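Me: I've got a structure open and I'd like to go through its charges and its core. Can you take my questions one at a time?

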Amino acid sequence: MAKGGRFPMGGMGGMGNMSSMIKQAQKMQQDMLKMQEEMEQTCYEASSGGGAVTVKMSGKKELQEIKLKPEVVDPDDIEMLEDLILVAVNDAMKKVDDENQSQMSKLTGGMSIPGLF
């Protein structure tokens, strides 16, 4: 213990900073939850093959819709259709991830915090 029974940090002065940090962390947590809810409500759209295949996906990465133009449905070339669907779905997932990363970066001031997405 320091001289005179005082705390080395000058009494309660250090506790004020800790309280402020806790309040900031709580606000960041609330902002994060709000952002997650908003993103989950957002619909992301992606297409491939010049619009031949279009998919819609929620912010939860749940596939909501697949639209195919009739001319892309060729029974003799199922592999091409499968590839177009894969490309569109993967692009939609990337859009969700990119938006998630962008929003998280805004919340954390660009600082990377492990475990937060």
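Me: How many salt bridges does the count come to?
Reply: Keep in mind that this is a predicted model. To count, a side-chain nitrogen of Lys or Arg has to sit within 4 Å of a carboxyl oxygen of Asp or Glu. By that rule, the count comes to 5.

Me: About how many helical turns separate D31 and K27?
Reply: These two side chains meet in a salt bridge, 3.0 Å from N to O. D31 and K27 are 4 residues apart in helix α1, so the separation is about one helical turn.

Me: Which residue does D97 form a salt bridge with?
Reply: Look for a partner in a distant part of the chain: D97 is in helix α2, while the other residue is 36 residues away in the loop between β2 and β3. The closest N and O atoms are 2.6 Å apart, and the partner is K61.

Me: Which element gives the most to the largest nonpolar core?
Reply: That core has 17 residues, and V53, V55, M57, V72 and A92 touch the most other members. α1, β1, β2 and α2 each supply at least two residues. With 7 residues, the top contributor is α2.

Methods: Residues are numbered from 1 along each chain as its sequence is written. This is a predicted model: local features need pLDDT of at least 70, side-chain atom pairs count only at pLDDT 80 or more; totals for chains, interfaces and linings use all residues. Side-chain values use heavy atoms; hydrogens and water are left out. A nonpolar core is a set of buried Ala, Val, Leu, Ile, Met, Phe, Trp, Tyr and Cys residues joined through side-chain atoms within 4.5 Å. Buried means under 20% relative accessible area, exposed over 50%, partly exposed in between (1.4 Å probe, protein chains only).
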